[in-house]
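At each stop, select the residues named, then look.

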Amino acid sequence: MTVKELKTEEFMVNMGPQHPSTHGVCKLVIKMDGEEIKEITPHVGFLHRSIEKIGENRTYAQFVPYTDRIDYVASMNANHAYVIAAEKLGGVEVPERAEYLRVIMAELNRIASHLVWLATFAIDLGAVTPFLYAFREREMILDLFEMTCGQRLTYNYMCIGGVNWDIPKEFEPKLREFLKIFPSRVDDYEDLLTNNPIFLYRTKNIGILSKETAFEYSVSGPSLRGSGVKWDIRKAESYSIYDRFDFDIPVGYNGDAWDRYRVRMREMRESAKIVQQAIDGLPGGDIQTKVPRTWKPPEGEVFTRIEAPRGEMAYHIVSDGSTKPYRMKIRTASFCNLQVLPIIGINHLIADLVAIFGSLDIILPEVDR
Amino acid sequence: MDSEGLLKYITEEYKDKIIDSGIVGGVATIEVKPGDWESIAEYLKGDMETRFLSVSNYGAVDYREKLGGYQLVITLFSYEFNHKLTMKTLLPAEGEECPEIKTLSAVWPVADWFERETAELFGIVFVGHPDPRHLMLDEDWDGEYPMRRGWSGRDFITKPDK
């Protein structure tokens, strides 16, 4: 019997719901032809907590801790997205110092989030060392957060009208120490990975996301910029006080997994630059505009969005003038970014799917909400 | 274009299809009839002056008590021009009725999951949707629409026997 006569047939593989490289509870039903992927069907919703419904049953201030749970790797940014929307709805002015503190925390959290991504992405591809390196630096950021708000994962730091706590006096020297060593630490990660032949072999030309597909699926964040689109909401809409800082938007060229990796690595350096400028220019003064506990924003609706570490995070809040939102719709980056996986994952090997999934930086609680 | 300019252009270009327009929270907003939902979406995507290639947000609001139906709200945006537009439509519905509307997933593929989510949580039927399975909820969840106002998760909590 020759090879031609051999009968082959497609078969199905379940990847997940509990799989170490889906970073959350996601089930991918994959149709395989030998080692090649022919079709991917993502099944999500395992972490659905109906946070939007919870939002309708809580007062505006009570909802802030829930936003932490939408994206627990970048809780500060999730807080930021919500408070900006609520403040715009109610026309609340935020003190200058609070805006600076928010930016410092949001950018530090962006670095921490990218470090978690780097660590897990590398470990998915079999490189264990970057995991230890990245968590070492993440620890320094978590220490800064812990001394400010007492929490290490879900911070509940920002509130409507400002921030909940001022930074302690040991914060600034610690932060400056971190900013001093961090660029050289990023050099270390890059030494380990960027031009590593094994890493290049695993990521170059893998999971190419074209600009057109990215637009059609509203992909945002570093995954979009990896495809060569210079789009960052911090620049395009400059919410908060981002227009005061000088930073670049790194972009990729091919849109493959390696480009997305490069964009995130360079973004960490840019975020460190923003934190440096913010801590240098940190003004004194109040950290909070007093907003009553039973705060009633006027009737109306609002749509705002921010650039979270994974991309666009938007809130559409409808108010009927009572203490609770009438409707709250949360748009998260991973929800849209995950939809391109069935497009860009096709005709790759199953081992490459792990690299593609990792390079998109999906976080499942954000998809399911 | 800024919000005013964009709104002026759209209301002039599509004036026979727009029933209401204005600027809500800094975003240009138009309201169209449910029958024009898909066709105007196609126009807005293809129009070289607007180029709404992407969807920022897409969901529904339960306005049965106030306006007698569900309002679909879609926020479009353009990377090229850096402008955004909110488009709304009111689907009349009473009680437990499930209204129908044409799907937008042929215009923007990303609308696929947004519509699957809205369909199961609000009970809105998207006609012509390529994959109308549940997204968030369990496969055999049926007949209950959690995001409708008045639905409470408390009814589903099983109390321990005393």
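Angles under 35 degrees count as roughly parallel, over 145 as roughly antiparallel, 65 to 115 as roughly perpendicular and the rest as oblique. This is a predicted model: local features need pLDDT of at least 70, side-chain atom pairs count only at pLDDT 80 or more, and totals for chains, interfaces and linings use all residues. Residues are numbered from 1 along each chain as its sequence is written, while chains are lettered from A and ligands numbered from 1 in the order in which they are written.

**Stop 1: two helices**

Select residues 129-149 of chain A, helix H5, and residues 171-193 of chain A, helix H6. Helices (H or I, at least four residues) and strands (E, at least two) are DSSP runs, numbered from the N terminus. H5(A) and H6(A) pack at an angle of about 165°, with axes 10 Å apart. Axes are lines fitted to C-alpha atoms, for helices over the stretch in contact, and angles run from 0 to 180 degrees between N-to-C directions. H5(A) and H6(A) are therefore roughly antiparallel to each other. Now show side chains. Residues of H5(A) that meet H6(A) include Tyr133(A), Met140(A) and Leu144(A). On the H6(A) side, look for Phe178(A), Phe182(A) and Tyr189(A), among others. Contact here means C-beta atoms, placed from the backbone, within 7 Å.

**Stop 2: a hairpin**

Select strand S2 (residues 27-33) and strand S3 (residues 36-43) of chain A. They pair in the antiparallel sense over seven bridges. Strands pair if DSSP finds at least two bridges between them. Lys27(A) stands opposite His43(A). Two residues lie between the strands, and Gly34(A) takes a positive phi near 65°.

**Stop 3: an open sheet**

Stay in chain A. Three strands form an open sheet in the order S6-S7-S8, with antiparallel pairing. Its edge strands are S6 (300-308) and S8 (325-331) of chain A. Neighbouring strands are turned by 15° against each other on average, direction ignored.

**Stop 4: a helix in chain B**

Select residues 111-122 of chain B, helix H3. Is H3(B) largely enclosed or exposed, and why? Twelve of its twelve residues are buried, so H3(B) is largely enclosed by the rest of the structure. Buried means 20 or more other C-beta atoms within 10 Å of a residue's own, with C-beta atoms placed from the backbone. Its cover includes helix H12 (333-337) of chain A, plus strands S3 (54-63), S4 (69-78) and S7 (125-127) of chain B.

Terms used
The expected span of a helix is 1.5 Å times one less than its number of residues. Two residues are in contact if their C-beta atoms, placed from the backbone, lie within 7 Å.
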